[in-house]
Amino acid sequence: MIKYDVLIIGGGVTGAAIARELSQYKLTVGLLEKEEELAFGVSKSNSGIIHPGTQNPPDSLKGRLCVEGNRLVREICKELGVHFKEVGELIVAFNDEETSRLLKLKEEGELLGVPDLKIVDSHWLRKNEPNLNDKAVAALYAPTAGIISPYRLVYDLAENAAKNGVEFHISAKAETIAYSPDEEHRFIVNTPKGAFNARYIINAAGLFADNVSKMVGVDDFTIHPRKGEEFLLDKKREHITKHLLFPLPTKTSKGILVIKTADGNPMIGPTAEDVDDKDDLSTSNEGLAKVLEGVKKMLPTVNENDIIAYFAGLRPASGHDFIIRHEDKVPGFVNVVGIQSPGLTSAPAIALMVLDILKNNGLPLKKKFVFHKHRRRSEHLFEDPVSRIKNLIDMDAAYGDIICRCEMVSEKEVSDAIDRGATTLDGIKFRTRAQAGRCHGGFCTTRLMKILAEKTGKPLTSVTKRGCGSEIVKKDRVDG
Amino acid sequence: MKNQLTCIECPAGCAISVTIENGKVVKVEGNKCAKGEAYAITEIENPVRILTSTVLTKDMPLKMVPVKTSAPIPKGRMFEAMEEVKRVRVSGPLKVGETIIPDIAGTGVALVATRELTKS
Amino acid sequence: MVERDLVIVGGGPAGMAAAVSAYENGVKDILLLERDQHLGGILNQCIHPGFGIDYFNEILTGPEYADRFIKKTESIPQIDVSLQSFAVHLENDKTLTYIKPGKLEIVRPKTIIMATGCRERTREMIHIPGTRPSGVFPAGLAQKLINIEGLLPGKDAVIVGSGDIGLIMARRFLLEGARVKAVIEIQKETRGLKRNVVQCVEDFGTPLYYGHKVSDIYGKDRVEKIRVVKVDENFADVPGSEFEIECDTVLISVGLIPENELIEMAGVAVDKSTNSPVSEELNKTSIPGLFVCGNSYKVYDIVDSVSRDSVIAGRLAAEYLKGLK
């Protein structure tokens with residue numbers, strides 16, 4: 001049986017951030033992910049906003065971790081070569097009542113330590129956000145808001161953690177956990193990939209964290225999936241806004257937003273709807289109508305025809321705040337659950353908090369002699385100026401072999417993604433953007449399938465969209 | 001007896017009315033050209049179609065080479081012909097129009113390549 | 001930077017016809033860029049017959065039609081064909097950047113013809129709600145999988161939209177041994193050619209539902225079923241008319257859109273609804289000397305008309321060059 005000091009359950013951004021943080025210490029660390037690739041759960045539908053910390057109650061855990069995470073994530077991005085853009089956000093008010101709520105948000109934000117908040121007037125808005133509805137009277141401007149690719153952050157954190165010794169096990173769903181308090185490695189986690197023995201368990205299982213927690217008898221919380229439908233616009237509309245645009249928040253969500261994304265395509269949404277089924281990722285006509293109605297209040301010029309893609313994600317909500325704690329009645333078991341928004345921003349701060357919890361509960365943390373802090377940045381031609389593309393092609397001819405024409409992704413980028421761990425077409429898409437553009441893979445799918453099959457030595461019929469059961473084709477003529 | 005057909009000879013898709021007596025066509029109306037009349041008669045008396053498909057290659061840069069029957073074959077023989085198409089493999093270079101199966105499914109019609117196949 | 005008299009982007013039927021015509025009208029320095037490994041464009045996967053009746057007065061398949069132009073193009077040494085060459089950037093002075101394996105080139109043509117073809121409208125553009133499992137294909141991708149790669153995408157298919165590609169794929173699926181459960185068309189009649197309804201759908205007894213739409217797609221990893229609803233004259237759902245069809249594959253064939261992102265980048269006016277260049281005269285754009293032909297100019301029903309009009313684009317480019325001297 002494989003033995004670990006710490007076993008993390010869940011390969012989303014929370015699990016990956018914790019894994020990377022732990023990887024600088026003299027520990028054996030493993031991570032279990034039930035899907036075929038990391039970031040295929042809650043994280044894949046994340047909108048990629050690095051929140052400044054506003055819209056959180058001043059006494060909340062998530063507020064404190066968000067502000068700290070916003071600061072920490074910048075350093076991590078530099079170390080890992082992840083593209084972080086500080087674009088700033090505007091929370092927009094349309095009347096005096098809303099403006100007074102802005103003042104309250106500003107006050108609360110300042111209590112949390114959100115830097116540089118300022119109320120801007122309609123004149124400022126006209127000048128700095130020209131497509132915004134001219135009925136807007138004021139906004140709370142938070143310049144420290146940024147954007148990032150949520151899945152690339154997960155993959156890059158994980159890649160760096162792996163380089164520093166963390167072992168990742170995919171398609172390894174935790175099915176049962178046996179607990180023997182008298183043993184040093186007191187937990188045995190059974191999965192389809194075998195059993196794993198651990199001294200400490202960190203439950204970062206997202207939507208399924210309540211199921212995992214129940215396996216050790218801790219059942220005082222429930223994860224309620226809250227669905228969000230999001231709609232992506234064509235990259236041609238990249239500059240429709242300069243900032244992230246928010247309405248005033250409601251009790252359950254931040255409202256319908258206009259989101260700039262790290263890849264250029266603006267995104268509108270999300271809805272917020274409590275659902276029962278943790279697998280329900282369907283989108284609806286009602287969702288689209290709600291998003292369009294909401295977004296047109298802020299951006300009247302949004303055109304439905306510019307929508308090129310849509311998807312739904314589920315937030316793993318449990319009450320109003322994060323739950324991050326050591327379960328004293330099951331020593332060694334740490335719950336990191338209910339990590340809904342602003343979970344992506346908070347992840348680096350959550351990781352530090354988890355480290356403290358482990359230390360306070362008997363795990364000695366000694367720094368390794370060598371910690372590989374840096375990771376070679378993945379190249380993305382779509383981010384690069386012509387001169388850089390030329391250098392890359394001179395260096396490696398395969399950068400000149402374009403596979404995805406809508407998003408300009410080369411053979412080299414696809415091969416790299418596979419070398420760095422992609423095993424499915426969605427995995428390639430999340431890492432490179434191939435198939436994510438306006439033609440939805442109409443032109444590039446066959447080439448991607450061939451590269452993936454060739455590099456992994458598997459038949460074309462075994463290539464999947466997102467893991468077993470989602471094979472792309474049913475039959476190859478070669479097989480008769 | 002009268003029968004209504006849509007001519008498939010060209011993109012115009014003329015609506016043709018056919019009068020049939022004892023299984024034979026005696027009158028064709030609605031067609032705009034001679035091809036339409038010929039189509040109507042064949043379609044009633046012995047319907048035929050050109051079959052197009054692809055054939056597997058061996059050790060060639062293209063995995064599949066497109067093919068067609070060099071003349072229309074009886075509609076009822078299409079699936080039988082497909083069985084032969086799926087079985088055959090070509091390995092040599094081919095020119096457009098070159099025969100792959102001389103007599104497909106006993107129709108007396110050849111299956112020919114519709115794309116050039118070269119080694120490079 | 002390389003100077004050229006004429007650069008043509010796209011080596012499908014439009015680009016080749018324009019290249020040959022430009023040569024015949026006196027242009028002797030032509031660079032033809034094709035992003036695939038072969039000339040011929042989408043015709044290579046259109047293995048069905050029905051091409052060439054107007055242009056060659058013969059019934060040809062797509063690859064045969066392409067072959068005629070490929071032979072002609074390759075026989076003219078003044079047409080410099082560059083394969084696997086992908087245009088990435090176009091400026092309003094026609095400076096074009098393209099890349100190919102191992103090379104980035106910047107070329108400055110005196111005149112340019114864009115023959116970049118079209119792409120398929122997607123499920124996302126018609127907003128079909130539901131899940132996003134594997135098994136939902138643009139019909140053209142399914143065509144490529146079967147005809148070029150020899151791969152069968154599914155065993156029980158439903159086709160959304162009665163465009164020609166969808167109708168042709170209905171027959172193709174059946175001949176390959178798959179089942180076609182239905183063709184669903186929201187309009188009251190086909191969007192494709194009537195002859196394709198006859199020989200691809202009616203010949204095989206495939207149910208074709210006019211005035212219906214797909215209202216939901218189900219399935220977690222792979223398509224499991226779809227929901228269909230009848231619509232009235234205003235395309236509103238008719239209550240109580242819903243039914244479900246079990247299937248593992250949904251092909252989307254709901255029209256084509258000209259690919260004009262490059263000329264848009266160069267500042268050419270492009271119509272927001274059709275994605276065609278705003279144009280007062282065939283093949284011309286708002287930038288003099290920058291021509292667009294074939295399906296990137298407008299979506300044609302048949303390739304014969306593409307060839308006919310692209311010949312004119314070649315001549316226009318030649319005339320433009322003469323005017324410069």
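This talk walks through a few local and overall features of the model shown above.

First, the ground rules. This is a predicted model, and local features need pLDDT of at least 70, side-chain atom pairs count only at pLDDT 80 or more, while totals for chains, interfaces and linings use all residues. Residues are numbered from 1 along each chain as its sequence is written, and chains are lettered from A and ligands numbered from 1 in the order in which they are written.

Let me start with chain C. It holds 7 helices and 20 strands. Those are DSSP runs, numbered from the N terminus: H or I for helices, at least four residues, and E for strands, at least two. The C-alpha trace spans about 70 × 40 × 40 Å along its principal axes.

Now burial in chain C. Of its 325 residues, 58% count as buried. Buried here means 20 or more other C-beta atoms within 10 Å of the residue's own; exposed means 12 or fewer; partly exposed is in between; C-beta atoms are placed from the backbone. As for contacts in chain C between residues at least 6 apart in sequence, 65% join residues at least 24 apart. Two residues are in contact if their C-beta atoms, placed from the backbone, lie within 7 Å.

Staying in chain C, look at the loop between α6 (261-265) and β20 (290-292). N275(C) lies there. Its phi is positive, about 65°, although N275(C) is not a glycine. N275(C) is also buried, with 20 other C-beta atoms within 10 Å. G289(C) sits in that loop between α6 and β20 of chain C too. G289(C) is buried, again with 20 other C-beta atoms within 10 Å. Leaving out residues up to four places away in sequence, G289(C) touches K94(C), K110(C), T111(C) and Y320(C). From G289(C) to N260(C) is 29 residues in sequence and 16 Å in space, C-alpha to C-alpha.

Chain B has a positive phi as well. A105(B) is not a glycine, yet its phi is about 50°. Its place is the loop between β9 (99-101) and β10 (111-113) of chain B. A105(B) counts as buried because it has 21 C-beta neighbours inside 10 Å. For background, most residues other than glycine have a negative phi, and most peptide bonds are trans.

That brings us to the cis peptides of chain A. One joins G269(A) and P270(A), with omega about -5°. P270(A) is in the loop between β15 (267-269) and β16 (273-274). Another cis bond runs from S341(A) to P342(A), with omega near 0°. P342(A) lies in the loop between β19 (333-337) and α8 (343-360).

Next, a helix pair in chain A. Which residues of α1(A) are buried? V13(A), T14(A), G15(A), A16(A), A17(A), I18(A), A19(A), R20(A), E21(A) and L22(A). That is 10 of the 10 residues, so α1(A) is largely enclosed by the rest of the structure. The cover includes β1 (2-9), β2 (29-32), α5, β11 (194-203), β19 and α8 of chain A.

How do α1 (13-22) and α5 (150-163) of chain A meet? Their axes come within 8 Å and cross at roughly 30°. That makes α1(A) roughly parallel to α5(A). Axes are lines fitted to C-alpha atoms, for helices over the stretch in contact, and angles run from 0 to 180 degrees between N-to-C directions. Under 35 degrees counts as roughly parallel, over 145 as roughly antiparallel, 65 to 115 as roughly perpendicular, and the rest as oblique.

A161(A) and A17(A) are 144 residues apart along the chain, with C-alpha atoms separated by 8.6 Å.

Last, the interface. The contact takes 41 residues from chain A and 38 residues from chain C. On the chain A side, β17(A) gives the most, with 5 residues.
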